[in-house]
Amino acid sequence: TQVIPGKETEGSRYRDYFDWEEPAAKAPSHRILAMRRGEKEDFLMLRVVPPEAEAIALLTDLFVRGDGPVSAQVRMAVEDSYRRLLSGSMETEIRLATKKRADGEAIRVFSDNLRQLLLSPPLGQQRILAIDPGFRTGCKTVCLDAQGKLLHHETIFPLLSARMQEEAAARVKALCREFAVEAIAVGNGTAGRETETFLRSLDLPAPLQIVMVNESGASVYSASPVAREEFPGEDVTVRGAVSIGRRLMDPLAELVKIDPKAIGVGQYQHDVDQSALKKSLDDVVMSCVNAVGVEVNTASVQLLTYVSGLGPALARQIVFRRDEQGPFLSRQDLKKVPRLGARAFEQCAGFLRIQNGGNPLDAGAVHPESYALVDRMAS
């Protein structure tokens, strides 16, 4: 690894990887991806160069026989073929192999981190006051009911002056009383710690929790078509604060609305194979959704889309039927959804939940085709 002349200063951030002689087969994935990024940005020049003398000696032992004129010609051909053809081919092959292995390891880390984030314990259905912190622009504050519906929004300025801090403190206490707030969610971005300190300095009721929430991807959601459809008349800052509050209530249900790559759960996201990364992260989301199960009478279209056997079209049909004719009373009612056939029902029914329905088994993970067996066991 060499620094390109004239770019030593710009390349200093890659200094940990200079003069690195560890065998490529044992290179940690983050080092490989970092060096390839440095090469892509023209700060570094990377070469895979085995010892030429040793390589030619190995080839000579394999192909050269005897000491005659013909052997001399073969020896010349061996040396020429290695220098002109084989060394370059080997370098290309090694670079591809190490890149593929580094991509696989980086994507695995992405997937593991995303799974942990999606399966974070939910706070549950509680009334939330959510704050998207900020210094100069203020803290965007929203109040949500137990189902995540937006009830109120405003902007407070607790971090600019003493007078504004007093006004903000009074507003927070008033909102907590007016909307019977049970928990406060604070985004962990700019001014997050300062806002948390401000809230903890207030004389709020003891049972009221103050929780820092990872807001990665909230800005992506706030400008997405999904957010515009949910809150067509609200500003993007209000949508972002709503997303922060809902993440505290149910991380999985809220994060599925965002492209997994926008959540930021790994390094070198833009250096790995993008199609492989997208497939792996989508598989993780689908796995988590189906492992937890989905309440069919409250789930969004985005959440239903990840259920096995369903897709965007069937998810929209389920929500449309629910809005038109009221909540589903049993899993069998799903068969009345247009275009949801027997095969799709067989695949999705075990992952869909119906709380307080006619059959208590509809609220669990037992598939309808096994209900008869459960009845025999119960009797």
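These legends describe close-up views of a predicted model. In this predicted model, local features need pLDDT of at least 70 and side-chain atom pairs count only at pLDDT 80 or more, while totals for chains, interfaces and linings use all residues. Residues are numbered from 1 along each chain as its sequence is written, and side-chain values use heavy atoms, with hydrogens and water left out.

**View 1. The open sheet has five strands in the order 5-4-3-6-7.** Its pairing is mixed. Helices (H or I, at least four residues) and strands (E, at least two) are DSSP runs, numbered from the N terminus. Two strands pair if DSSP finds at least two bridges between them. Strands of a sheet pair through backbone hydrogen bonds, either parallel or antiparallel. Strand 5 (150–156) and strand 7 (209–213) are the edge strands, each pairing on one side only. From one strand to the next, the twist averages 20°. Strand 4 pairs with strand 5 in the antiparallel sense, over six bridges. In strand 5, His152 stands opposite Cys143. Helix 8 (residues 236–249) packs on the sheet and touches strand 3, strand 4, strand 5, strand 6 and strand 7. Contact means heavy atoms within 4.5 Å. The direction of helix 8 makes about 130° with that of strand 3. Axes are lines fitted to C-alpha atoms, for helices over the stretch in contact, and angles run from 0 to 180 degrees between N-to-C directions.

**View 2. Strand 3 (residues 128–132) is largely enclosed by the rest of the structure, because five of its five residues are buried.** Buried means under 20% relative accessible area, exposed over 50%, and partly exposed in between (1.4 Å probe, protein chains only). Ile128, Ala130 and Asp132 point one way from strand 3. Leu129 and Ile131 point the other way. Strand 3 pairs with strand 4 (residues 139–144) in the antiparallel sense, over five bridges. Ala130 has Val142 of strand 4 as its bridge partner.

**View 3. Helix 1 (residues 29–40) packs against helix 3 (residues 69–118) at an angle of about 120°.** The axes of helix 1 and helix 3 are 8 Å apart. Helix 1 and helix 3 are therefore oblique to each other. Angles under 35 degrees count as roughly parallel, over 145 as roughly antiparallel, 65 to 115 as roughly perpendicular and the rest as oblique. Helix 1 passes helix 3 in a left-handed crossing. A crossing is left-handed if the near helix is turned anticlockwise from the far one by less than a right angle, and right-handed if clockwise. Helix 1 contributes Ser29, Ile32, Leu33, Arg36 and Glu39. These meet residues of helix 3 including Arg95, Lys99, Ala102 and Ala106. The contact of helix 1 with helix 3 has four nonpolar, two polar and seven charged residues. Ala, Val, Leu, Ile, Met, Phe, Trp, Tyr, Cys and Pro count as nonpolar, Asp, Glu, Lys and Arg as charged, and the others, Gly among them, as polar.

**View 4. Helix 3 and helix 10 (residues 274–292) pack at an angle of about 25°.** Their axes are 9 Å apart. That angle makes helix 3 roughly parallel to helix 10. The crossing of helix 3 and helix 10 is right-handed. Helix 3 makes the contact through Ile107, Phe110, Ser111, Leu114, Arg115 and Leu118. By class, the contact of helix 3 with helix 10 has ten nonpolar, three polar and one charged residues.

**View 5. Asp42 and Ala191 have positive phi values in loops.** Asp42 is found in the loop between helix 1 and strand 2 (44–45). Its phi is about 65°, although Asp42 is not a glycine. Asp42 is partly exposed, with a relative accessible area of 45%. Ala191 lies in the loop between strand 6 and helix 5 (192–200). Phi of Ala191 is near 70°. At 5% relative accessibility, Ala191 counts as buried.

**View 6. Val70 lies in helix 3.** Val70 counts as exposed, at 63% relative accessibility. Val70 and Leu340 are 270 residues apart in sequence. In space, C-alpha to C-alpha, Val70 and Leu340 are 75 Å apart.
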